[in-house]
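Keep the sequence at hand as you read.

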Amino acid sequence: PPADGIVLGCEMIGSKDVCLACGAAIDATREVVRLRDAHLVSCRHCRSWNYFPRASATGQIALHDDDNYFKHPYFENRQSQHRRADRRCRDLFKVLAGVPRAPDPLGARVLDIGCGGGELLESARRQFGIDPTGLDVARYAVKQLEEKGIRAVRGVLADIPATPQFDIVFAIDVIEHVLDPRGFIADIAARLAPGGVAFLETPNHFSLVYGVGRLIANATGGWPPGALERLFPPHHVVYLSRAALGQAVEASGLQLVRFYSRTLQMLDIGGSSVLRAGLGSLQLFDHLTGQRALNCMLLRKSD
């Protein structure tokens, strides 16, 4: 697996002041990003960023099981841009096709974790003939899927029976919301059929986009709140480093087929035109350095 050259393998110490990504003890008072009512702390072992104050498991679910959460411009844009959804779907299945002995999409049992309104599953069913299942903690999301005739489960991944049953699993912009990222990847592995593939995507806090956001937050004490809370929302409990992701994949028994980063598309950026233009400019530099705003992993389960 890829590594940042940081020593991992730290023992869990049973304290709330531990890194969610690797389990090492961290000093929750040593902030790396200062927000209005919260801060982020960098783990000195794996360089992941942890959000404090940290929500409980029930509190984290409550944050997402809120209709207002889906009224953010990001979700409104995503639900209204059908051509964008179709293009994104084609891009994802093109990536999946690059996996040796990849499952045939036609009839493939596909699970989308944190599926939201089901745009990806709906598009994949129409374009590729998949057998879709959506998983989300929000009642709003489950209702959207049911209206589209898509099988839906309300809950967390542990609520899906731990039997190898899915050929493809998507977890796009989800793992940063999870209090146990390593367990999350292990749970994905347990639910993948032999030869199945999983695609994960999560923010890359080493990109210039997040670096500039950090500088602004620390200089202003968390202003402007709208823009900074878009980068560092309370729903994101951990920003995982490449090393931490690699260790979690290795522990799960899955094979890392590909690790890459991609830019955040303009249609995915909620907010003013000024904010969108600024982020677009920063991403030009991220493209040159190879540290784009989103990290992506393509994983495979052995036959």
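Val110 stands opposite Ile168 in strand β7. This model is predicted, so treat each feature as part of a prediction.

Strand β5 covers residues 131–136, and five bridges join β4 to β5. These two strands also run parallel. Look for Ile113 in the model. Its bridge partner in β5 is Leu135. How does the chain get from β4 to β5? It passes through helix α4, residues 119–128. This β-α-β crossover is right-handed.

Is β4 largely enclosed or open? Strand β4 spans residues 109–113, and four of its five residues are buried. Buried means under 20% relative accessible area. The strand is therefore largely enclosed by the rest of the structure.

Next, leave the strands and look at the backbone in the loops. Most residues other than glycine have a negative phi, and most peptide bonds are trans.

Start with the peptide bonds. Which bond is cis beside Pro53? The bond that joins Phe52 and Pro53 is cis, with omega at about 0°. Pro53 lies in the loop between β3, residues 49–52, and α1, residues 57–64. A cis bond also runs from Trp223 to Pro224, where omega is near -5°. Pro224 sits in the loop between α7, residues 208–220, and α8, residues 225–231.

Then check phi. Arg101 is not a glycine, yet its phi is positive, near 55°. Find Arg101 in the loop between α3, residues 82–97, and β4. Is Arg101 buried or exposed? Arg101 has a relative accessible area of 59%. The cut-off for exposed is over 50%, so Arg101 counts as exposed.

Asp173 is the last stop. Its phi is near 55°, again a positive value in a residue other than glycine. Asp173 is placed in the loop between β7 and α6, residues 181–191. Its relative accessible area is 23%. That value falls between the cut-offs for buried and exposed, so Asp173 is partly exposed.

Key. Residues numbered from 1 in each chain as written. Predicted model: local features only at pLDDT ≥ 70, side-chain atom pairs only at ≥ 80, totals over all residues. Heavy atoms only, no water. Buried < 20%, exposed > 50% of the residue type's maximum accessible area, 1.4 Å probe, protein only. Pairing = 2+ DSSP bridges. Right-handed = clockwise from strand over helix to strand, strands pointing away.
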